[in-house]
Amino acid sequence: MCPLVRPRALLFSIISRNNCRYYSTVSSEPSKEAIISSSILGDQPPLPPTGPPPPPSEAVKSSWGFLKYGLIAALTGGVATAGYATYAYSCDEIDQKTKGLRASANFNIGDEGSSIDKFQAYLHAASMTVPAKLVEAYLDLRRLTEEQVRGFTEPTSDKLLPDLEPREQHVLTLVLDLNETLIYSDWKRDRGWRTFKRPGVDAFLEHLAQFYEIVVYSDQLPMYVDPVLERLDQKHCVRYKLSRGATRYIDGKHYRDLATLNRNPAQILYISGHALESSLQPENSVQIKPWEGDADDTVLLDLIPFLEYLATHRPADVRPVLASYQGHDIAKEFIVRSKEHQRRMQEQKQHGRLWRR
């Protein structure tokens with residue numbers, strides 16, 4: 001047993017000496033990593049916190065909410081007031097009603113007043129400056145808007161036609177619509193747009209130009225009206241032509257306003273296939289059958305006797321004459337009345353002969 005124990009003890013002693021030498025070597029060698037001194041760390045600014053920001057205080061929230069809802073309420077009230085004023089009053093009425101408000105912004109007490117009075121006047125003028133400026137801005141914006149809208153809705157002039165010459169003061173004015181009255185425009189896929197003349201339109205214009213001042217009044221654009229009339233009226237029977245810019249736009253529709261023609265309303269006749277729907281003066285209107293391409297149409301030719309009779313007899317006011325034909329076909333009714341008039345004239349002649357006998 002002794003020879004075996006001694007070598008084992010010797011082996012354990014050698015291993016323990018080697019371990020002690022290894023641990024002492026490791027502890028004596030410095031670390032290879034860079035070491036930052038505490039002085040350098042003290043010079044650096046502190047790092048920002050990485051967590052979520054602290055919530056705003058309740059006072060900040062309440063003040064911002066009060067300001068936000070106050071601005072919304074003020075804006076809503078201003079818009080509502082402007083809307084009501086626009087609906088209820090004209091621009092001139094608002095101008096008159098707000099003169100005092102706008103004048104108060106320029107209030108000056110003068111040099112003879114006391115310091116307190118001057119200070120109060122200054123505070124009053126400062127408090128009224130913003131409302132006065134808002135009213136002035138509203139009036140300027142409204143005038144500009146109404147002027148722009150008026151350019152689209154109102155006729156281009158209050159006198160669409162030049163003055164009549166003195167020797168023509170007795171001449172009646174015959175206003176004619178264009179579409180479905182003198183012409184008809186049709187579109188088909190194989191040929192596109194085509195424009196047709198109403199039967200008898202050439203004879204109608206040429207004959208009545210001897211008795212009337214003829215005006216064509218259309219709600220179409222000039223780029224359509226001008227070339228059509230150049231082809232239609234090659235003998236220059238139409239004295240004036242008016243297009244969409246001369247109409248009055250109301251509720252989405254263009255109306256002919258005969259009051260803007262610079263002519264005596266008692267001497268104006270307006271003939272159209274849609275006369276009662278397109279004119280603001282129905283008492284001057286003659287409604288005829290709209291033409292949509294019927295080759296056997298004779299409406300224009302049938303109207304010639306009535307219009308010639310009216311022009312030659314020159315009534316003081318054509319409106320009562322047109323009212324007497326209301327509800328009747330004027331051309332047919334005129335023939336009936338003419339025959340009745342001739343019959344009465346013959347009876348008077350016969351009675352005169354009998355009286356002589």
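Tutor: Let's start with Leu174, which counts as buried because its relative accessibility is 0%; buried means under 20% relative accessible area, exposed means over 50%, and partly exposed is in between, using a 1.4 Å probe and protein chains only. Keep in mind that this is a predicted model, where local features need pLDDT of at least 70, side-chain atom pairs count only at pLDDT 80 or more, and totals for chains, interfaces and linings use all residues. Residues are numbered from 1 along each chain as its sequence is written, and side-chain values use heavy atoms, with hydrogens and water left out.

So where does Leu174 sit? You'll find Leu174 in strand S1; strands here are DSSP runs of E with at least two residues, helices are runs of H or I with at least four, and both are numbered from the N terminus. Not counting residues up to four places away in sequence, Leu174 touches Phe204, Leu208, Tyr212, Glu213, Ile214, Val215, Leu269, Ile271 and Leu307, where contact means heavy atoms within 4.5 Å. Val238 is 64 residues from Leu174 along the chain, and their C-alpha atoms are separated by 9.7 Å.

Two of those contacts, Leu269 and Ile271, take us to strand S8. Strand S1 covers residues 172-176 and pairs with S8 in the parallel sense over 4 bridges; pairing requires DSSP to find at least two bridges between two strands. Look at Leu176 too: its bridge partner in S8 is Ile271. On the other strand, S9 (residues 285-287), Ile271 has Val286 as its bridge partner, and S8 and S9 also pair in the parallel sense, over 3 bridges.

Now look at S8 itself, residues 268-272: 5 of its 5 residues are buried, so the strand is largely enclosed by the rest of the structure. Ile268, Tyr270 and Ser272 point one way, while Leu269 and Ile271 point the other way, and all are buried.

Ser157 is partly exposed, with a relative accessible area of 30%. The side chain of Ser157 reaches the backbone nitrogen of Lys159 at 3.1 Å. Ser157 also sits 9.1 Å from Leu261, C-alpha to C-alpha, though the two are 104 residues apart in sequence.

Key: Polar contact = N/O pair within 3.5 Å; in protein donor to acceptor, adjacent residues only side chain to side chain.
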